[in-house]
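Subject: Structure handover

Hello,

Here is the structure for your files. Please open it alongside this note.

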Amino acid sequence: SHKTLKLILQPIIENSIYHGIGYMVDEGLIKINVRTTEDKLIYEISDNGLGMKQEVLENILSFKSKNTGGSGVGVKNVHERIQLFYGKEYGLAIESELEEGTTVTITIPLID
């Protein structure tokens, strides 16, 4: 087993539900994969939801997002907590495409 911070998955999964698949007509799907490398623990949370426009994605990645309906705030909080605890080389990466979905990758050090 490996150690991790509390509450790093929940806000990301909630975002997938509320912003990704909540407004879909078709069936929504959220996949959670966890893998390790030699020195990292990597979570990948993917949805087949609505995706994000490029400018929204860039704002979330640069963490300039405003508190509008909670969008991005949970993501920003998780990213900042990971970086404060583990260092700047860790945190979140987000990929998204409109009508295709979003993938959030969380990287932390591998700690037994």
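First, the ground rules. This is a predicted model, in which local features need pLDDT of at least 70, side-chain atom pairs count only at pLDDT 80 or more, and totals for chains, interfaces and linings use all residues. Residues are numbered from 1 along each chain as its sequence is written, and side-chain values use heavy atoms, with hydrogens and water left out.

Strands here are DSSP runs of E, at least two residues long; helices are runs of H or I, at least four residues long; both are numbered from the N terminus. Two strands pair if DSSP finds at least two bridges between them. In general, strands of a sheet pair through backbone hydrogen bonds, either parallel or antiparallel.

Now the individual pairings. β2 and β4 run antiparallel and are joined by 8 bridges. I45 has V104 in β4 as its bridge partner. R35 pairs with I42 in β2 as its bridge partner.

The core

Which residues touch the most other members of the largest nonpolar core? They are I82, L92 and I106, in a core of 19 residues. Elements giving two or more residues to this core are β2 (40–47), α2 (54–62), α3 (73–86), β3 (91–97) and β4 (101–109). α3 supplies the largest share, 4 residues. A nonpolar core means buried Ala, Val, Leu, Ile, Met, Phe, Trp, Tyr and Cys residues joined through side-chain atoms within 4.5 Å. Buried is under 20% relative accessible area, exposed is over 50%, and partly exposed is in between (1.4 Å probe, protein chains only).

Take I106. Leaving aside neighbours within four places in sequence, I106 is in contact with I8, L9, I12, L41, I42, Y43, I45, I82, G91 and L92. Contact means heavy atoms within 4.5 Å.

The aromatic rings

There are 2 aromatic pairs. Rings of Phe, Tyr and Trp (its six-membered ring) pair if their centres lie within 6.5 Å; planes under 30 degrees apart are stacked, over 60 edge-to-face, the rest tilted. F85 and Y86 are edge-to-face, 5.0 Å centre to centre with 85 degrees between the planes. F85 is exposed at 57% relative accessible area, whereas Y86 is buried at 14%. Y86 and Y90 are edge-to-face too, at 6.3 Å and 70 degrees. Both Y86 and Y90 are buried. F85, Y86 and Y90 form one aromatic cluster.

Two backbone angles

Most residues other than glycine have a negative phi. L7 has a positive phi of about 55 degrees. L7 lies in the segment before α1 (10–21) and is exposed, at 55% relative accessible area. E99 also has a positive phi, near 65 degrees. E99 sits in the loop between β3 and β4 and is exposed, at 62%.

Best wishes
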